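What follows is a walk through one protein model, from its surface to its helix packing and its charged pairs. Please keep the sequence and the structure in view while reading.

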Amino acid sequence: MSKHIISGHLNLSPEDFLPASKEEKESLVVMRQSVSFWQDGFRRLLKNKVALASLTVFFVILILAFIVPIFYPYNYAIQLKGSERLMPMQYSAGELARIAAGEKVFPHILGTDSLGRDYAIRVMMGARISLIVGLLASFIVLIIGSIYGSIAAFTGGWVDLIMMRIVDIIYTVPDILLIILLTFALKKPMKLLASAPGFAWINVLGINLISIFIVFALLYWVGMARIVRGQILVLKEQEYVTAARALGAKSGQIIRKHLLTNTIGTLIVTTTLQIPSAIFTESYLSFLGLGVAVPMPSLGSLASDAITGLQSYPHLLFAPAILISLIILSLNLLGDGLRDAFDPKLKN
């Protein structure tokens, strides 16, 4: 019966049991290029036209903020006598005389402010300061919040209870009051430190701006910690986490390689939204006189200074306001694109 099956139905011959040739093996193998998590994410990002356009706009803003001021002929702090309150592309009487004498004078693209300082370079420098504040503050919030929230969620029990009660307490601390207290508390020691070799940058940034960074490190990470905790509370019950534990993986390795990787979309979106939030925080603190040190500008301080002359010189307000809007819009759209590209749950 078995011989009949072999010979009649399967039609096997002794040649069928010979080892396969190289050509036969290659015909049965479906080759697929091996890509890492980040390579696959960047490939998906390149297919998102809106995200790429937002990235282009943000890249142009970075060039205007960090590269163009190096070659710009005017300085943000230098006052040009006789050039107060010039309109865009307008020259002062002294500059017109220099032009008549055959000298080349670079135009004031956005005019000048009430002190005769070129407004275009001040807007570019203001964008630089605001971006530095937003990026650095968001990085601080991301690091502290993700580590704190992931440890609380993964550990659970009384550790999670105590850590989240600390978060609730921090939520009740008024940030503006803390910034004012820190400004006065750090004023004297910071001045002494600024006089030491290698710490002259403290005078450039100003004690107010340093206080803002400290407050971000102390207070603003609690929202990120809660978001990360909520995500990891769900993810830690998945089968791959149980398998990693069974294979002897350490808690830190599980959090870093399995849990935080699967929350990358949430982390990216939350971080990109934190950048404009930090810029707004710096803006209203500058409006209250607690922002960057004079004469260094920021987009918030430029906008607050321009409110007084809004009817006569509206362009002084429109320039920083439009730049703030472009930064926020491009970061929001870029964050959505990064979430779609790097979130493992959204992959087909």
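A residue is called buried when its relative accessible area is under 20%, exposed when that area is over 50%, and partly exposed in between. The model discussed here is predicted. With those cut-offs, Ile151 is partly exposed, because its relative accessible area is 36%. Ile151 sits in helix 7, which covers residues 119-155. Ile151 also belongs to a nonpolar surface patch, together with Ile132, Leu136, Phe139, Ile143, Ile144 and Ile147.

Helix 16 gives another picture. Helix 16 runs over residues 299-306 and is mostly covered, with seven of its eight residues buried. The buried ones are Leu299, Gly300, Ser301, Leu302, Ala303, Ser304 and Ala306.

Next comes the packing of two helices. Helix 4 (residues 49-66) packs with helix 17 (residues 315-342) at an angle of about 140°, and their axes are 8 Å apart. Helix 4 is therefore oblique to helix 17, since only angles over 145 degrees would count as roughly antiparallel. The crossing of helix 4 past helix 17 is left-handed.

Now to the charged side chains. Side chains of opposite charge can pair when their charged atoms come close. In the whole structure, a search finds six salt bridges.

One of them joins Arg229 and Asp160, with a distance of 2.8 Å from N to O. Arg229 lies in helix 12 (residues 222-235) and Asp160 in helix 8 (residues 157-171), so this pair ties together parts that are 69 residues apart in sequence.

The side chains of Asp168 and Arg165 meet in a salt bridge of 2.9 Å, N to O. Asp168 and Arg165 are three residues apart in helix 8, which means that about one helical turn separates them. An α-helix has 3.6 residues a turn, so residues three or four places apart point the same way. Asp168 is partly exposed because its relative accessibility is 25%, and Arg165 is partly exposed at 42%.

A further salt bridge is made by Arg98 and Glu103, with 3.0 Å from N to O. Arg98, at a relative accessible area of 36%, is partly exposed. Glu103 is also partly exposed, with a relative accessible area of 39%. Elsewhere, salt bridges link Asp113, Arg117 and Arg122 in a network.

Which loop holds Arg85? Arg85 is found in the loop between helix 5 (68-71) and helix 6 (93-100). Arg85 is not a glycine, although its phi is positive, at about 55°. With a relative accessibility of 30%, Arg85 counts as partly exposed. Met89 is likewise placed in the loop between helix 5 and helix 6. The phi of Met89 is near 60°, again a positive value in a residue other than glycine.

Notes: Residues are numbered from 1 along each chain as its sequence is written. This is a predicted model: local features need pLDDT of at least 70, side-chain atom pairs count only at pLDDT 80 or more; totals for chains, interfaces and linings use all residues. Side-chain values use heavy atoms; hydrogens and water are left out. Patches are made of residues with over 30% relative accessible area and no salt bridge: like charges are joined within 9 Å, nonpolar side chains (Val, Leu, Ile, Met, Phe, Trp, Tyr) within 5 Å. Accessible areas come from the Shrake-Rupley method with a 1.4 Å probe; for residues, only the protein chains shown count as cover. A salt bridge is a side-chain nitrogen of Lys or Arg within 4 Å of a carboxyl oxygen of Asp or Glu. Helices (H or I, at least four residues) and strands (E, at least two) are DSSP runs, numbered from the N terminus. Buried means under 20% relative accessible area, exposed over 50%, partly exposed in between (1.4 Å probe, protein chains only). Axes are lines fitted to C-alpha atoms, for helices over the stretch in contact, and angles run from 0 to 180 degrees between N-to-C directions. Angles under 35 degrees count as roughly parallel, over 145 as roughly antiparallel, 65 to 115 as roughly perpendicular and the rest as oblique. A crossing is left-handed if the near helix is turned anticlockwise from the far one by less than a right angle, and right-handed if clockwise.
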